[in-house]
Amino acid sequence: MLTCQQLIQGSSIHWKNYIEHHFVLQLAQGTLPIINFQHYLKQDYLYLFHYSRAFGLAVYKADTFAQMNAAQQVVQSILEEIELHISYCKEWGISKEELQQLSESPACIAYTRYVLDCGMHGTLAELYAAIAPCALGYAEVSRMINERQLSPSNNPYQKWIDNYASPGFQHSAAQIGATLEQLCQFITLSQLQKIQEIFTTATRMEVAFWQMGLDLN
Ligand SMILES: Cc1ncc(C[n+]2csc(CCO)c2C)c(N)n1
């Protein structure tokens with residue numbers, strides 16, 4: 001079995017809570033209150049900033065030019081994505097000035113600094129184990145919504161769903177998964193256990209991030 005599939009299975013309870021979170025299901029059905037989506041979008045702006053830093057750290061931690069290139073491409077793609085995020089926020093009534101003055105939520109701080117800590121203290125594989133649930137999970141969420149045909153035709157959140165279901169995003173998520181696969185190729189059982197623990201923790205952090213959207217904290 002592929003390592004990513006194994007890691008998802010090893011965190012299965014939390015993974016299901018992540019993919020089928022109440023925030024996701026309401027968003028999929030178009031019933032999520034706007035205020036919850038706005039709060040999520042604002043915190044996601046801060047999340048994307050620190051998530052980019054994590055890939056900057058992956059550039060530094062790379063052992064080969066190929067690894068450096070893979071991480072650098074993700075930094076580049078997020079730098080482009082953030083412009084889209086800013087204009088998308090504007091469509092939802094959130095100005096760039098508001099984004100720049102936000103106070104960061106505990107869930108965002110916990111998640112992003114955890115990822116960076118994994119990278120600073122651990123191996124490149126450990127950093128990717130912390131990074132991967134983000135990419136693999138959002139790719140799966142959008143596929144799940146489309147496969148189960150959850151979204152009604154007038155869903156105000158359709159653009160968000162389409163963004164993550166797009167071939168471009170699905171491809172970049174698969175690339176992150178492929179890098180983690182490659183980094184796990186020759187690791188020992190005890191290293192794999194550590195990778196599993198990190199992957200599961202980051203998945204729990206994703207659950208907490210959706211919950212933050214619902215709780216408005
Ligand atoms: C909390 C949170 N988790 C995951 C994503 C999705 N995401 C953002 S950047 C990126 C990497 C490649 O573009 C991915 C998968 C998000 N937006 N917010």
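So, by class, how many nonpolar, polar and charged residues does the shell around the ligand have? It has 9 nonpolar, 1 polar and 3 charged residues, where Ala, Val, Leu, Ile, Met, Phe, Trp, Tyr, Cys and Pro count as nonpolar, Asp, Glu, Lys and Arg as charged, and the others, Gly among them, as polar.

Quick housekeeping. This is a predicted model, where local features need pLDDT of at least 70 and side-chain atom pairs count only at pLDDT 80 or more, while totals for chains, interfaces and linings use all residues. Residues are numbered from 1 along each chain as its sequence is written, and side-chain values use heavy atoms, with hydrogens and water left out.

Okay, the ligand. There are 13 residues around it, and the closest are Asp44, Glu81, Cys134, Tyr164 and Glu206; a residue is in if one of its heavy atoms lies within 4 Å.

Now the polar contacts, meaning pairs of N or O atoms within 3.5 Å. The Glu81 side chain has an N or O atom 3.1 Å from a ligand oxygen. For Tyr164, a side-chain N or O atom is 3.0 Å from a nitrogen of the ligand, and a polar side-chain atom of Tyr138 sits 3.3 Å from a ligand nitrogen. On its own the ligand has 440 Å² of accessible area, and the protein covers 99% of that, going by the Shrake-Rupley method with a 1.4 Å probe.

Which elements give two or more residues to that shell? They're α4 (34-61), α8 (124-147), α10 (167-183) and α11 (189-215), with helices taken as DSSP runs of H or I, at least four residues, numbered from the N terminus. Of these, α4 gives the most, with 4 residues.

Notes: A polar contact is a pair of N or O atoms within 3.5 Å; within protein, one must be able to donate a hydrogen and the other to accept it, and residues adjacent in sequence count only if both atoms are side-chain atoms.
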